[in-house]
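Thanks for coming. I will go through one structure, helix by helix, and then turn to the salt bridges and a few loop residues.

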Amino acid sequence: SGPPALYNQVCSACHATGVAGAPKVGDKAAWTPRAGQGVDALTASAIKGKGAMPPKGGSSASDAEIKAVVAYMVNASK
C-alpha cells in the first residue's frame with residue numbers, strides 16, 4: 001500500500017523534499033536516530049510541532065492519522 005492520504009495532502013510538502021530541515025522520507029541516515037525514539041515519541045512531537053513544523057503539520061488530522069503517517073515515514077526510511 002502507498003502512503004496515507006494525509007501524507008500526500010500535507011506532510012509530503014516538506015518531508016518529500018527536505019524543506020526547512022524536515023527529514024526526507026527514504027533518507028535512512030536522517031531517520032535512523034529518530035526511529036530509535038519510537039513511533040509514539042515521534043507522533044507526540046508531530047502533534048505538538050517541532051522546529052519549523054507547526055502542530056500536526058498545520059493540519060486538523062486526528063492523532064491516529066498523524067501516527068499512521070509517522071509509522072509510514074519511519075518504515076519507508078529503513
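A residue is called buried here when its relative accessible area is under 20%, and exposed when it is over 50%, with partly exposed in between. Keep in mind that this is a predicted model.

Start with helix α1, which covers residues 5–15. Its buried residues are L6, Y7, C11, S12 and H15. Looking down the axis of α1, these buried residues fall within an arc of 135 degrees, so they line one face of the helix. The face turned away from that buried side carries Q9 and A13, which are exposed. What do the buried residues of α1 pack against? They pack against α2 and α4.

Helix α3, residues 39–48, can be read in the same manner. Buried in α3 are L42, T43, S45 and A46. They cover an arc of only 160 degrees around the axis, which puts them on the same side of α3. On the other side of α3 we find D40 and K48, both exposed. The packing partners of the buried α3 residues are α2, residues 28–35, and α4, residues 63–75. Just after α3 comes G49, with a positive phi of about 95 degrees.

T43 sits in helix α3 and has 6% relative accessibility, so it counts as buried. Setting aside residues up to four places away in sequence, T43 touches D63, I66, K67 and V70.

Now the salt bridges. How many does a search of the whole structure find? It finds 2. In one of them, the side chains of D40 and K67 meet at 2.9 Å, N to O. D40 lies in helix α3 and K67 in helix α4, so this pair ties together parts that are 27 residues apart in sequence. As for accessibility, D40 is exposed at 52%, while K67 is partly exposed with a relative accessible area of 38%. Recall that K67 is also among the residues touched by T43.

The other salt bridge joins the side chains of D63 and K56, at 3.1 Å, N to O. D63 counts as partly exposed, at 44% relative accessibility. D63, too, is one of the contacts of T43. K56 is found in the loop between α3 and α4.

That brings me to backbone angles. Most residues other than glycine have a negative phi. Against that background, K56 has a phi near 55 degrees, a positive value in a residue other than glycine. A20 is another such case, with phi also near 55 degrees. A20 is located in the loop between α1 and α2, and it is exposed, with a relative accessible area of 59%.

Last, M53. Where is M53 found? It is in the loop between α3 and α4. Is it buried, exposed or partly exposed, and which residues does it contact? At 27% relative accessibility, M53 counts as partly exposed. Leaving aside neighbours within four places in sequence, M53 is in contact with H15, S45 and A46. Of these, H15 is one of the buried residues of α1, and S45 and A46 are among the buried residues of α3. From M53 to A71 there are 18 residues in sequence and 17 Å in space, C-alpha to C-alpha.

How values were computed. Residues numbered from 1 in each chain as written. Predicted model: local features only at pLDDT ≥ 70, side-chain atom pairs only at ≥ 80, totals over all residues. Heavy atoms only, no water. Buried < 20%, exposed > 50% of the residue type's maximum accessible area, 1.4 Å probe, protein only. Helix = DSSP H or I, 4+ residues; strand = E, 2+ residues; numbered from the N terminus. Arc of directions from axis to C-beta. Contact = heavy atoms within 4.5 Å. Salt bridge = Lys/Arg side-chain N within 4 Å of Asp/Glu carboxyl O.
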